[in-house]
Amino acid sequence: MLNISHLTKIYGSVKAVDDLSLRIRPGVIYGFIGHNGAGKTTTLKSCAGILNFEEGDIEIAGVSIKKDPLYCKRNTAFLPDNPDIYGFMTGIQFLNFIADIYSIDAKTRQERIDKYSEMFELRDSLGQSVSAYSHGMKQKLALISVLIREPKLVMMDEPFVGLDPIASHLLKQLMREICDKGGAIFFSTHVLEVAQKLCDEVAIIRKGKLVKCGSMEEIAGDAGLESVFLEMEGETQNV
Amino acid sequence: MFKALLKKQLLELKEVYTPRNRKSKKKTGTKGFVILFAILTVSVSFSFVGMGFLFADAFLPLGLDWVYFMMMSAIALIVSIVGSVFSAYSILYNAKDNEFLMAMPIPPATILSVRLIAVFLSGFLFECMALVPAIIVYAIRAGIKWYLPLQVIDLVWIGLLALVLTSLLGYLVGLVVAHARHKSLTTIVVSLVLLALYYFIYFRLNSFLQAIATNAALIGESVSGKAKPIMWLSQAFTGNLWGFLLLMVTSVVLMGLTVLLLSRHFGKIAFTNKGVKKTAYVARPLHQKGVASALVRREFVRFFQTPAYVLNCGLGIIISLALCVYAVVRFNFLKSGLESVLAALPPEWKDLLAFVPALGAGFMGSMNVITAPSISLEGNSLWLLKSMPVTSAQVFSAKQALHLYLNLPPVILTTALVSALMGLTVWEGIINVVYGMSLVGFTSAMGLYMGLKKPLLDWTNEAVPIKQSASVAITMFGAWAIVIAEAVAAYLLRNSINLIPYLFILPLGLCAVLNRHLYTRGDREFRDL
């Protein structure tokens with residue numbers, strides 16, 4: 001589904017991502033873990049086609065994002081950690097706009113908007129201006145805009161930040177549903193307990209370099225993901 | 001604390017005028033922008049020189065030097081208030097970091113004071129455009145006096161008085177908007193009313209000034225008799241030390257009281273949301289649109305939901321349409337008036353004046369730089385466009401479409417109407433319309449090009465990229481430069497009058513060059529933002 005090979009992204013003289021390679025198969029929830037500034041967001045944004053990168057390639061369903069960015073973007077969705085969405089639109093205007101961009105027909109969009117806005121308890125607020133939304137409401141609206149597209153690959157940066165417990169629970173269920181239908185989820189998180197419970201596979205990144213990746217069993221083992229992560233961090237700092 | 005906040009505010013101001021190249025993170029085009037800004041300031045100042053001489057010649061021979069400064073200070077106050085009142089509300093109450101700062105242990109008065117300094121600086125610039133020429137004209141007519149340094153210091157006190165009035169007006173706008181249900185519409189209407197008032201005064205200014213000049217002695221007598229404090233305050237400019245102290249104390253005390261008043265209500269205005277009506281969403285049938293029309297619709301929604309955008313980049317449209325309505329209503333009156341003016345001119349001028357409607361419409365159209373702040377307005381939500389399956393060409397087209405849809409009808413209408421009023425032939429009318437359209441096309445391409453070259457995405461207030469960005473200023477002056485160059489070229493070609501219609505090739509050619517860049521290399525530049 002997603003194949004990152006030798007990705008390198010440089011900001012000025014700093015390598016934010018350094019020769020990173022990952023492979024995410026369909027049906028898999030893939031966690032991406034690392035400290036602040038490790039390069040998680042840069043990697044996710046590169047995969048979403050938001051950032052250009054200097055070296056390497058990213059393929060979505062076998063198509064290079066450099067060669068056909070529109071195809072890749074049509075089949076993926078990205079949710080940032082702090083979704084700044086159009087404050088000048090109402091919630092329904094925003095969802096309708098996204099549905100137009102992704103060519104979702106009128107009947108389907110109506111059904112999906114109804115379904116997800118009710119699920120996340122946002123339906124009553126859809127007529128309000130996005131600028132009047134709280135952070136959590138914006139997060140939910142952005143999430144609904146992702147779900148109505150039914151993308152094959154969903155990339156999310158800290159998706160649980162700002163969501164209430166019910167919405168978090170729903171999101172976890174929906175992530176699994178997407179994967180069960182043959183899609184894939186690639187998301188970053190700092191909440192290691194969530195990652196351990198939710199992810200099928202995990203990658204740990206430090207200072208732009210991939211430190212470890214594999215199935216959750218392989219990485220976390222009996223000690224648990226938190227212990228492994230902290231141990232690795234300690235080792236790296238001692239070196 | 002105050003120093004740190006002031007530093008932040010000044011840094012914000014500096015970032016606005018010297019945007020960084022987002023890739024290299026280096027400052028770009030600072031010198032050019034400073035030169036352009038200086039040229040504009042000096043040119044506007046020159047318009048006050050004539051006014052200064054008119055008053056100086058009326059009042060100084062009568063020994064009423066203080067009345068001269070009273071009049072010029074009043075004009076400077078008006079200019080300063082009109083120039084900065086529209087930004088006062090947004091700078092004071094609409095900044096994105098209000099909540100962030102209010103969450104810190106900073107008294108609201110301190111936050112407000114720092115924001116007031118930003119408003120003061122913009123108002124002070126406008127004030128100096130009027131009062132500095134007044135001081136120079138005084139020195140020319142009355143000679144350089146020992147109190148020249150006091151006159152220069154007085155600029156600050158008058159600036160503070162202007163700030164008091166500006167911030168109180170901004171406060172009133174804030175109160176109205178905070179309680180309004182339709183905030184965008186209310187802001188637009190309130191601002192248009194203020195603007196209409198300004199133009200009402202402006203159009204009557206000339207006869208008003210003449211009346212003042214002819215009744216100089218009477219005015220001096222009346223003010224010194226009935227409004228002595230105004231006389232004392234005005235004498236601050238004529239070497240009266242008591243007058244100087246009075247002006248200083250008055251402005252400082254009024255400023256202090258204003259800060260006290262505004263800081264008490266700062267939180268209420270900045271964070272109140274009373275106007276937002278929370279009604280349950282009523283579902284209506286949704287319709288599918290194509291990608292291109294969805295993007296254009298997005299631009300329209302943004303434009304009409306952002307009052308600063310409408311008022312700063314669409315004012316020329318409103319004025320053009322108002323003038324069109326006036327021209328239709330008073331068609332015969334205006335036509336006969338214009339015909340008598342044209343009949344009095346030499347024949348070679350008549351041919352040259354056949355070009356005027358397009359230049360006038362072009363000049364008016366150059367005020368509507370809708371595309372110039374368009375890319376900067378994406379701000380932090382730029383990630384949305386970049387993650388969508390849309391090309392940069394589609395994004396650019398939508399931005400240009402908004403500009404063309406809003407600008408072409410008024411320009412075509414105005415040009416055709418003025419051509420009809422001037423009694424031009426159908427062919428001359430067509431040439432004028434085509435020329436007006438080519439200028440609109442040029443402004444659209446130039447605005448987008450500059451927006452791409454000088455993006456300002458890290459703003460804390462949406463008024464900043466609209467009012468203070470380099471892209472807007474350069475586009476507006478660029479369009480003016482083209483119109484002036486065309487007028488000069490037409491004058492030089494007055495003996496080969498048949499060539500003049502071909503002058504529209506210049507803006508059209510430039511438009512083609514800029515569009516070529518946008519739709520080829522612009523793609524990479526947009527992705528690099």
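Colleague: How many residue pairs are in polar contact between chain B and chain A?
Modeller: This is a predicted model, in which local features need pLDDT of at least 70 and side-chain atom pairs count only at pLDDT 80 or more, while totals for chains, interfaces and linings use all residues. Residues are numbered from 1 along each chain as its sequence is written, chains are lettered from A and ligands numbered from 1 in the order in which they are written, and side-chain values use heavy atoms, leaving out hydrogens and water. A polar contact is a pair of N or O atoms within 3.5 Å; within protein, one must be able to donate a hydrogen and the other to accept it, and residues adjacent in sequence count only if both atoms are side-chain atoms. With both residues at pLDDT 80 or more, the count between chain B and chain A is 10 residue pairs.

Colleague: Which element gives the most to the side of chain B that touches chain A?
Modeller: The elements of chain B that give two or more residues to this side are helix 11 (291-305), helix 17 (382-387) and helix 23 (521-527); helices (H or I, at least four residues) and strands (E, at least two) are DSSP runs, numbered from the N terminus. With eight residues, the one that gives the most is helix 11 of chain B.

Colleague: Which residues of chain B lose the most area to chain A?
Modeller: Here 37 residues of chain B are in contact (heavy atoms within 4.5 Å) with 37 residues of chain A. The buried area, meaning the accessible area (1.4 Å probe) lost on being put together and summed over both parts, is about 3,300 Å², and carbon and sulfur atoms give 62% of it. Together making up 24% of what the chain B side buries, the residues that lose the most are Tyr281(B), Leu286(B) and Trp383(B).

Colleague: Which residue of chain A forms a salt bridge with Lys289(B)?
Modeller: A salt bridge is a side-chain nitrogen of Lys or Arg within 4 Å of a carboxyl oxygen of Asp or Glu, and the rule finds one across the interface of chain B and chain A. With the closest N and O atoms 3.9 Å apart, the partner of Lys289(B) is Asp100(A).

Colleague: Whose backbone oxygen does the side chain of Tyr133(A) reach, and at what distance?
Modeller: Tyr133(A) lies in the loop between helix 4 (106-119) and helix 5 (135-147) of chain A, yet Tyr133(A) is buried because its relative accessible area is 5%. Beyond four places in sequence, the contacts of Tyr133(A) include Gly91(A), Leu122(A) and Leu141(A). The backbone oxygen reached by its side chain belongs to Ser125(A), at 2.6 Å.

Colleague: Is Glu121(A) buried or exposed?
Modeller: Glu121(A) is found in that loop between helix 4 and helix 5 of chain A. Its phi is positive, about 55°, although it is not a glycine. Most residues other than glycine have a negative phi. With a relative accessible area of 61%, Glu121(A) is exposed.

Key
Buried area = accessible area lost by both parts, 1.4 Å probe. Buried < 20%, exposed > 50% of the residue type's maximum accessible area, 1.4 Å probe, protein only.
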